[in-house]
Amino acid sequence: MPDRIPIVRSDRYEQQPITDDNTTTNGDHLLPEINTSAELFIPAELLLLRTTIENLLRQGGIDEKLVQDLSDEYRTRIMELAAHTAKLSRENVAYRVRDRERQTSTQELKKKNNDLQQLTESLSARVRMLEMFIAGVVHDVRNMLVSIFTVFDLERARLSPARVAVFDSNRGNILRSLEFMMEVIRTGVVGNLKASSVTVEETVNTILQTLQTKIENSSVPKKIKFWRDPAIDFGHDIVLTPDTFLFHILYNILSNALAIQEVKTIHIYTEMHGEQIEIHIVDDGPGIPPKNIQRIFTLFEREDTSPSDQTKHFGVGLAFAKYLVTMSGGSLEVTSEETFQGQQTEFVITLPSGPVGQEKAVASSHT
């Protein structure tokens, strides 16, 4: 009977695993796909099958077909086992690759985390230094202004009542603004400030008093006109925003327009839309080029809208106004276009509105 498979004694086979180093025994020539580093261990049932075939061959005079069938079965089982072992070997290699990649990623992540922590600590230190510097400047400015106010109070009797009213208005606004700055520095979060109820008309009148000297000393006559929506009762044009926010929003937009010599008239009017109030500020100046419309709200961006404007700008006012509008839960948009009345630039401020008593709810909704 031809020997269809290599036969190995069971005592030798139990001692050693089948590897690709023994290609002339144990049927390993049937397993070319096994990885060179893989080891193939024969389970007990296949050992028993091999032993049965060996015993039948020793006895002689046996049914060759039976031996052939058993040999074929053994061969098939060995090939299945080899394929399974090869698959496990490939999976093991893939796992090791993934594990190395994971270890590398973990090391990189730790390094980035350490870098981020160092950067955070550095930024925190810089913020603390900046807070200390600003707090010190605000403190010193307030003390210097108090000295100036004291001198003014000594000369109050020599000034007209109108001049005294303008000065008192400016003094109140300056001191409130400085107190607001110190509160922001102390709390660290603008959104924690409590909202208050202020009317647009009252705020505009306060700003007009503040800007009166600037308007009177302008080389070109200027006018600021306020129009209240007829649908809004007097005193009901209420804006819910933290204290001094509305003043700074309107002051920066109006003073920016007044600094442009070509601006002769500024119209301010309000409209109610449900629980929001719109404040429109329209001037007749030279306008803003379309490409620069959004740049005007960028901090430290300065747009020279008028060649005759000799005022030194820092590029802060409009950016600050938009920031305060956003912190109040509103929006600030601007358009500049040619109309039948000439060139017009319009700022539209949308802010939350409502009856007195809703201040706390609005403040908490925007923290």
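Predicted model: local features only at pLDDT ≥ 70, side-chain atom pairs only at ≥ 80, totals over all residues.

Student: OK. How many helices and strands does the chain come to?

Tutor: The secondary structure amounts to eight helices and nine strands.

Student: And what share of the residues counts as buried?

Tutor: Of the 367 residues in the chain, 37% are buried. The chain exposes about 22,300 Å², and carbon and sulfur atoms supply 56% of that area.

Student: What about contacts between residues 24 or more positions apart?

Tutor: Such pairs account for 69% of the contacts with a separation of 6 or more.

Student: Salt bridges next. How many does the structure hold?

Tutor: Eight. One of them joins the side chains of E73 and R77, at 4.0 Å from N to O.

Student: Where do E73 and R77 lie?

Tutor: Both are in helix α3, four residues apart, which is about one turn of the helix.

Student: Which residue does D153 form a salt bridge with?

Tutor: R171, with the closest N and O atoms 3.2 Å apart.

Student: How accessible are D153 and R171?

Tutor: D153 is partly exposed, with a relative accessible area of 35%. R171 is at 17%, so R171 is buried.

Student: What else does the R171 side chain meet in a salt bridge?

Tutor: The side chain of D168, at 3.1 Å from N to O. R171 and D168 are about one helical turn from each other, because they are three residues apart in helix α4. D168 is partly exposed, with a relative accessible area of 31%.

Student: Which residues make up the network of salt bridges around there?

Tutor: D153, R156, D168 and R171 are linked in a network.

Student: Different topic: the surface. Which residues make the nonpolar patch?

Tutor: L116, L119 and L123 make a nonpolar surface patch of about 290 Å². L116 sits in helix α3, which spans residues 64-155.

Student: Why does L116 count as exposed?

Tutor: Because its relative accessibility is 52%, and the cut-off for exposed is over 50%.

Student: Last one, E278. Where is E278?

Tutor: In strand β7, residues 276-283.

Student: Is E278 buried or exposed, and what is the nearest side chain of opposite charge?

Tutor: E278 is buried and has no salt bridge. The nearest side chain of opposite charge is K322, 14 Å away.

Student: What polar contact does the E278 side chain make, then?

Tutor: The side chains of E278 and H280 are joined by a polar contact of 2.9 Å.

Student: And what is E278 in contact with, leaving aside neighbours within four places in sequence?

Tutor: There are Y269, T270, E271 and H273 on one side of the numbering, and V348, I349 and T350 on the other.

Methods: Residues numbered from 1 in each chain as written. Heavy atoms only, no water. Helix = DSSP H or I, 4+ residues; strand = E, 2+ residues; numbered from the N terminus. Buried < 20%, exposed > 50% of the residue type's maximum accessible area, 1.4 Å probe, protein only. Lys, Arg positive; Asp, Glu negative; His and termini not counted. Polar contact = N/O pair within 3.5 Å; in protein donor to acceptor, adjacent residues only side chain to side chain. Contact = heavy atoms within 4.5 Å. Patch = residues over 30% accessible without salt bridge, like charges linked within 9 Å, V, L, I, M, F, W, Y side chains within 5 Å. Areas by Shrake-Rupley, 256 points an atom, 1.4 Å probe, with all protein chains shown as cover.
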